[in-house]
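Hello,

Here is the structure for you to look through. My notes follow below it.

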Amino acid sequence: MSGHSKWHTIKHKKGALDAKRGKITTRLVKELTVAARVGGGDPAANPRLRKAISDAKAENIPNDTIERAIKRGTGEIEGATYEEIVYEGYGPAGVAILLEAATDNRNRTVSELRHLFSKNGGNLGESGSVSWLFDPKGVITLDKDVKSEEELFEIAVGAGAEDLRDLGDYWEIQTQPEAFESVLTALKSASIPTLSADLTRVPKTLVKLEGKDAQQMLKLYDALDDHDDVQKISTNFEMDDAEFDKLK
């Protein structure tokens, strides 16, 4: 079970993220604000904002909340100004961890994250310490029964995907970042629902965990995931399904 794919999908499937409704809303509102600040408030000309709006609507965030977040980003109305920062660190057994955060107080955030790392068997590293272990990718996961492998491969690769992977109960499609939106559009046109779809960072190598290291890594992951400023987590750990079932 890899940190970048099946683990993330299982959290969606088991409803763990749905139980954090307030956290999801906070993340999405921050992303709307940052996306509008970086690329402007017109979704037609800003793919990142277009994706953020789509994600927000999928979570039933009200339109007026979406509009206010965008206007805060463009400076049309006052509000918190978020800075995007990438933090890098290590978990148990040398697992690489890359955090994408949005914060209005850099000093507070780095202090709190350093505390979470040290409390859970990891340590916050320097810039560049683990980012080289990841490649930027678009990652889309789907239920196994949406289409046959042949049909899904034809649709996804025809739209620019570079790989279709069998994860047991799920399909995972990987794309280059620039092809991500076209592949999503092709899936939508074919009426194929997705479990998750993100621009993320995929590890080049994986560290297999078991026993105490696996338990501690899951505690660290959850602690970081709960932090209000953390938008995305990329890791390179993996564990067997049996190990996960034993620890969950």
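Asn236 sits in the loop between strand 9 (230-235) and strand 10 (237-238). Asn236 is buried, with a relative accessible area of 3% (buried means under 20% relative accessible area, exposed over 50%, partly exposed in between, with a 1.4 Å probe and protein chains only). A polar atom of the Asn236 side chain lies 3.4 Å from the backbone oxygen of Thr205.

This is a predicted model, in which local features need pLDDT of at least 70 and side-chain atom pairs count only at pLDDT 80 or more, while totals for chains, interfaces and linings use all residues. Residues are numbered from 1 along each chain as its sequence is written, and side-chain values use heavy atoms, with hydrogens and water left out.

Next, helix 7 (residues 180-189). Helices are DSSP runs of H or I with at least four residues, strands are runs of E with at least two, and both are numbered from the N terminus. Phe180, Val183 and Leu187 are buried in helix 7. Seen down the helix axis, the buried residues fall within an arc of 70 degrees, so they line one face of helix 7 (the arc is that of the directions from the axis to the C-beta atoms). The face turned away from that buried side carries the exposed residues Lys188 and Ser189. Among the elements covering the buried residues of helix 7 are helix 3 (47-58) and strand 4 (134-143).

Overall, the protein has nine helices and ten strands, and buried residues make up 44% of its 248 residues.

Regards

Methods
Contact = heavy atoms within 4.5 Å. Polar contact = N/O pair within 3.5 Å; in protein donor to acceptor, adjacent residues only side chain to side chain.
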